Amino acid sequence: MTADRHRRRPAWTGSPWVALLLPVLFSLVDAALVARNSSWWENGLSVLAAAALLLRRRFPVLVLLLTLPGSFLNYIWIAPVTAVYSVAAHRARPWVTTVAATVFALVEFFHWPLSDHPLAFDRDNALYAIQCVMLAAGPAALGLLSRTRRELATKLDELTRGQERESRLLAERVLISERGRLAREMHDVVSHQVSLISIQAGALQVSSPDPAAVATARTIRELSVRTLEELRQMVGVLRASGVRGDVPLAPQPRLADLCRLIQESGLPADTEISTGELPWPEAVERAAYRTVQEALTNISKHAPDSAVEVRVLARGARLRVEVRNGPPPVPSGGPGEVLPGGGHGLVGLRERAQLLGGTLTARPTADGGFEVLADLPAARD
């Protein structure tokens, strides 16, 4: 019940204007209560003391000085008490607060007219002195407590930010360490070129010595060299990530490299590439290239003798990539002829397309084949 009442509290109660104006209002009421037997100029000093509270956050010491005449001539308390609190809350030097509280206590003790307070060491003066000291020390202590609490909140916020920075640095160190570990294990990664090397090596083993075998061997060498270059670049990037940001990357594939990719795959593909006049972003061209590359790799693994269609077409501000293959005419051999695959290639392509604001679909066809369809935008929506 208490929590519900707290949640239903009006929003205006937390407004800074309310906190600024309420002491002024109370001080005016205080001045009105003591104005019955006072002259007009004494009442004017009381009103001045109340109005000066509007500046107490920016000029607390000046506001205290403006409230003291009204406190000396009239019995107003709220305005000078609020001023003492403001000095303690907004001035970091403790001696300023001590002087402000002492001056207010003296002004309150030696009240006008001075003849009403003879300097006698009696019980009444002692009690009144204690009252004046408490009247000045109370708001000063509350102001110091408020300032200390605010400073502690600031220190806590700085400490929290520092811990967050340390956590980020620790996460970065862990990431750098993990990248180093991955770099050491990169030699075990099977990429597109390694798959093609395996296929060409198998073809070379069963072919007779002739010019075709020489061409196949040449292809194997080219793919091996390219694989080693890309692997070296990848390992260098992984080891240098988080240390320096100027690591040169190998030239990234573009749409213009698709024809060579299809030719090197060794698949009899029916190809149609029409990208239009629109300059495609580098990320889109790289995504289209990788999509065709992964699809051809999978076809080479699972249906190397099937009919293949590759279509890369521009449709307005979107690039459509379609790679299809029919069912293999001859069933594949035993388990020893099946190349390993982790199933991560299509997942990575789908994530890449989604990051660009596009889509990717991979599914079997009705005739027993398979198709990969990618729709990539020229710019992210």
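A definition before the first pair: a helix axis here is a line fitted to C-alpha atoms over the stretch in contact, and the angle between two axes runs from 0 to 180 degrees between N-to-C directions. What you are looking at is a predicted model.

With that in hand, take helix α2, residues 16-33, and α3. They pack at an angle of about 170°, and their axes are 8 Å apart. Angles over 145 degrees count as roughly antiparallel, and α2 and α3 are therefore roughly antiparallel to each other. On the α2 side, the residues that meet α3 are Val24, Ser27, Leu28 and Ala31; on the α3 side they are Ser46, Val47 and Ala50. Sorted by class, this contact has five nonpolar residues, two polar ones and no charged ones.

One of those residues deserves a second look. Is serine 46 buried or exposed? Its relative accessibility is 2%, so serine 46 counts as buried. Serine 46 sits in helix α3, which covers residues 40-52. Setting aside neighbours within four places in sequence, serine 46 is in contact with Ala31, Asn74 and Ile76.

Next, the loop between α3 and α4, where α4 is 60-73; leucine 54 is found in that loop. Which residues does leucine 54 contact, leaving aside neighbours within four places in sequence? They are Leu20, Leu21 and Val24. Valine 24 is 30 residues away along the chain, yet the C-alpha atoms of leucine 54 and valine 24 are separated by 7.1 Å. Leucine 54 has a relative accessible area of 41%, so it is partly exposed.

Helix α10, residues 258-265, packs with helix α11, residues 282-302, at an angle of about 10°, and the axes are 11 Å apart. That angle makes α10 roughly parallel to α11. From α10 the contact takes in Leu258, Leu261, Ile262 and Ser265, and from α11 it takes in Tyr289, Val292, Gln293, Leu296 and Ser300. Six of the residues in the contact of α10 with α11 are nonpolar, three are polar and none is charged.

On to a strand. Glutamate 272 lies in β1, residues 269-274. Not counting residues up to four places away in sequence, glutamate 272 touches Val310, Arg311, Val312 and Leu313. For leucine 313, the separation from glutamate 272 is 41 residues in sequence and 7.6 Å from C-alpha to C-alpha. Glutamate 272 is partly exposed, at 38% relative accessible area.

To finish, the whole chain. It has twelve helices and five strands. There are 381 residues, of which 33% count as buried. Among contacts with a separation of 6 or more, 70% are between residues 24 or more positions apart. The accessible surface comes to about 23,600 Å², and carbon and sulfur atoms account for 62% of that.

Methods
Residues are numbered from 1 along each chain as its sequence is written. This is a predicted model: local features need pLDDT of at least 70, side-chain atom pairs count only at pLDDT 80 or more; totals for chains, interfaces and linings use all residues. Side-chain values use heavy atoms; hydrogens and water are left out. Helices (H or I, at least four residues) and strands (E, at least two) are DSSP runs, numbered from the N terminus. Angles under 35 degrees count as roughly parallel, over 145 as roughly antiparallel, 65 to 115 as roughly perpendicular and the rest as oblique. Contact means heavy atoms within 4.5 Å. Ala, Val, Leu, Ile, Met, Phe, Trp, Tyr, Cys and Pro count as nonpolar, Asp, Glu, Lys and Arg as charged, and the others, Gly among them, as polar. Buried means under 20% relative accessible area, exposed over 50%, partly exposed in between (1.4 Å probe, protein chains only). Accessible areas come from the Shrake-Rupley method with a 1.4 Å probe; for residues, only the protein chains shown count as cover.
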